[in-house]
Amino acid sequence: AKRAGQMANLALRIRVIEDSLKVVPMEYRDGILDKVAYGVPYPDFRHPNTWRKWQQAFLYEVAHGLHLY
């Protein structure tokens with residue numbers, strides 16, 4: 001039963017992350033995920049402030065979806 005609860009919790013987190021990506025335009029999604037998950041620097045095709053804006057929007061949606069904010 002404990003393991004089933006853990007699996008359900010992980011599935012919820014994955015769904016929230018996937019749903020939160022919908023607020024980010026397609027051309028930024030891979031860069032945002034790479035930065036947040038792996039610490040990879042942003043690609044150079046946009047200004048760093050633009051990347052930060054979309055990262056902030058993504059992280060806000062994740063926090064909101066997980067009821068952390």
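This is a predicted model: local features need pLDDT of at least 70, side-chain atom pairs count only at pLDDT 80 or more; totals for chains, interfaces and linings use all residues.
Residues are numbered from 1 along each chain as its sequence is written, and side-chain values use heavy atoms, leaving out hydrogens and water.

Let's start inside. The largest nonpolar core has nine residues: Leu21, Val24, Tyr28, Ile32, Tyr42, Trp51, Trp54, Phe58 and Val62. Such a core is a set of buried Ala, Val, Leu, Ile, Met, Phe, Trp, Tyr and Cys residues joined through side-chain atoms within 4.5 Å; buried means under 20% relative accessible area, exposed over 50%, partly exposed in between, with a 1.4 Å probe and protein chains only. Helix H2 (26-38) and helix H3 (48-65) each supply at least two residues of this core, and H3 gives the largest share, four. Helices here are DSSP runs of H or I, at least four residues, numbered from the N terminus.

Which residues does tryptophan 54 touch? Leaving aside residues up to four places away in sequence, they are Val23, Val24, Pro25, Tyr28 and Ile32, with contact meaning heavy atoms within 4.5 Å.

Now to charges. How many salt bridges does a search of the whole structure find? The search finds one, a salt bridge being a side-chain nitrogen of Lys or Arg within 4 Å of a carboxyl oxygen of Asp or Glu. Lysine 22 and aspartate 19 meet in a salt bridge at 3.6 Å, N to O. Lysine 22 is exposed at 60% relative accessible area, whereas aspartate 19 is partly exposed at 38%.
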